[in-house]
Amino acid sequence: MLTWLHRIFRRRESIPDTADARGAAGERLAADVLRRRHGYRIVARNWRNPGNRREEIDLVCRDREALVFVEVKTRPADALVRGFLAVDRRKQRALRRAIRAYLRLLRRRPRAYRLDVVEVTTDGTAPPEVLLIQNVPLFRRGRRGAG
């Protein structure tokens, strides 16, 4: 009985080697951590703008009253650029467009919304590390966001 329990608790989610598979596994792990540790409710996964299918939001969540748009970046531990830094100006522009499109499709606009970034880092041997960076600045000051 104890060995069975020990095996369950030692079980780790392994992150595959290909970039697409690694990204999908990282998004699943991020959604699980957001739900379990932080109490987020997942509203949508991999939402794409119907008007421009290239614009994607990895996760759309609810954190109490706030609507949270989450960008997940999965990286190997020895990556040259951390996940948070990979959300550069180009990616921010794409996220702004996708968020605006998502908000336009809602019947009622949320009172508060924000962008969070989740970094999933793995070295292949230890369990992946998940870091949540909340309220990443995406819109210019003085603007509510998705005008």
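1. Let me start with Ile133. Beyond its neighbours within four places in sequence, Ile133 is in contact with Phe84, Asp116, Val117 and Glu119 (contact meaning heavy atoms within 4.5 Å). Ile133 belongs to strand S5; strands here are DSSP runs of E with at least two residues, helices are runs of H or I with at least four, and both are numbered from the N terminus.

2. A word on the ground rules. This is a predicted model, with residues numbered from 1 along each chain as its sequence is written. Local features need pLDDT of at least 70 and side-chain atom pairs count only at pLDDT 80 or more, while totals for chains, interfaces and linings use all residues, and side-chain values use heavy atoms, leaving out hydrogens and water.

3. Confidence deserves a look before the details. The chain has a mean pLDDT (the predictor's confidence in each residue, from 0 to 100) of 83, and 83% of its residues reach 70 or more. Strand S1 (residues 41–49) has the highest confidence, at 95, and helix H1 (residues 2–10) the lowest, at a mean of 44. Residues 4–13 stay under 50, and the model gives them seven contacts beyond four places in sequence. The pLDDT is also below 50 over residues 142–147, a stretch with 14 contacts beyond near neighbours in sequence. I would be glad if the text kept these two stretches apart from the rest.

4. On the overall layout, the chain has three helices and five strands, in the order α-α-β-β-β-α-β-β along the sequence. Of its 147 residues, 37% count as buried (under 20% relative accessible area; exposed is over 50% and partly exposed in between, with a 1.4 Å probe and protein chains only). Among contacts with a separation of 6 or more, 56% are between residues 24 or more positions apart.

5. Strand S4 (residues 112–122) and strand S5 (residues 129–133) run antiparallel and are joined by five bridges; two strands pair if DSSP finds at least two bridges between them. Val118 has Leu132 as its bridge partner in S5. Six residues lie between S4 and S5 in this hairpin, and Gly124 in the turn has a positive phi of about 90°.

6. Where is the place of Asp58? Asp58 sits in strand S2 (residues 52–63). Asp58 is buried yet lacks a salt bridge, and Lys91, the nearest side chain of opposite charge, is 5.9 Å away. For these terms, a salt bridge is a side-chain nitrogen of Lys or Arg within 4 Å of a carboxyl oxygen of Asp or Glu; Lys and Arg count as positive, Asp and Glu as negative, and His and the chain ends are not counted. The side chain of Asp58 does reach the backbone nitrogen of Val72, at 2.8 Å. Val72 is also among the contacts of Asp58 beyond four places in sequence, which include Glu27, Ala44 and Arg45.

7. Now the salt bridges, of which the structure holds ten. Arg35 pairs with Asp32, their closest N and O atoms being 2.9 Å apart; the two are three residues apart in helix H2 (residues 19–38), so about one helical turn separates them. Arg35 is partly exposed at 43% relative accessible area, and Asp32 is partly exposed at 24%.

8. A second group is worth a figure panel. Arg114 forms a salt bridge with Asp116, with closest N and O atoms 2.9 Å apart. Arg114 is buried at 16% relative accessibility, and Asp116 is buried at 0%. Salt bridges that share partners join Asp63, Arg64, Arg114 and Asp116 into one network.

9. Finally, Leu103 lies in helix H3 (residues 89–105) and is buried, with a relative accessible area of 5%. Its C-alpha atom is 9.9 Å from that of Leu67, 36 residues away along the chain.

Conventions
Polar contact = N/O pair within 3.5 Å; in protein donor to acceptor, adjacent residues only side chain to side chain.
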